[in-house]
Amino acid sequence: MGREYGGGGLLGGKACKPGGELVKGTRARVPTARIIAPDGFLPVDAIVKAAGRAGDGMYVIEPGLPPSKFGALGQELQRKFGKTEAERGGAPVAAQAVEVLLDAIARSDGTRSSVTSHILTDPVHGRILGNFSFDQNGDMTPSPVTIHRVKHGRQTTDRVVRVSSGLLR
């Protein structure tokens, strides 16, 4: 479930149905705790509904880039096809995947192995998700991780950090 650290922090476990109760209980026992929870605590409005003001100040970490941070083309795709959550990606992430694949095909010698090699070794200079590449496992690196913060009962994007895919294992 969670574990308290010397600095008064709490890192919640996986998806948590009684997340609001966990947040309320933590605040009651350790009012100054920094609560850091994984994406299983999303959507924030459900936590706020269950925990009330106890949720204020908590952080929720979600893999992926928040839609507000997509490039110009990603913003345009969102307007056309609708917004999505960071982890799901939606049309902008699908479009970036197609762009990566088409670029790899264009640079390949036409064989499947050549296309795969280009996908895994060529850096991506994307207008949608920014610059990145893929590691040997096909994971995006650096990988964007969104840190949300609850302020006055609402979810805000506190920051986006980009981490090496090796740290995410």
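This is a predicted model: local features need pLDDT of at least 70, side-chain atom pairs count only at pLDDT 80 or more; totals for chains, interfaces and linings use all residues.
H1 spans residues 19–29 and H2 residues 44–51; they pack at an angle of about 55 degrees, with their axes 8 Å apart. Axes here are lines fitted to C-alpha atoms, for helices over the stretch in contact, and angles run from 0 to 180 degrees between N-to-C directions. The crossing of H1 and H2 is right-handed, that is, the near helix is turned clockwise from the far one by less than a right angle. On the H1 side, the contact involves Gly19, Gly20, Glu21, Val23 and Lys24, and on the H2 side Ile47, Ala50 and Ala51; contact means heavy atoms within 4.5 Å.

Residues are numbered from 1 along each chain as its sequence is written, and side-chain values use heavy atoms, with hydrogens and water left out.

Turning to the chain as a whole, its secondary structure comes to 5 helices and 8 strands, taken as DSSP runs numbered from the N terminus (H or I, at least four residues, for helices; E, at least two, for strands). From the N terminus, the order is β-α-β-α-β-α-α-α-β-β-β-β-β. Of the 169 residues, 38% count as buried, meaning under 20% relative accessible area with a 1.4 Å probe, protein chains only.

I now come to strand S5, residues 131–134.

S5 has a partner in strand S4, residues 124–125: the two run antiparallel and are joined by 2 bridges, and DSSP must find at least two bridges for strands to pair. His125 stands opposite Asn131 of S5. S4 and S5 form a hairpin with 5 residues between them, and Gly130 in the turn has a positive phi of about 90 degrees.

S5 is also joined by 2 bridges to strand S6, residues 140–141, again antiparallel. Here Ser133 has Thr141 as its bridge partner. The hairpin of S5 and S6 has 5 residues between the strands, and Gly138 takes a positive phi near 85 degrees.

Definitions and conventions
Buried means under 20% relative accessible area, exposed over 50%, partly exposed in between (1.4 Å probe, protein chains only).
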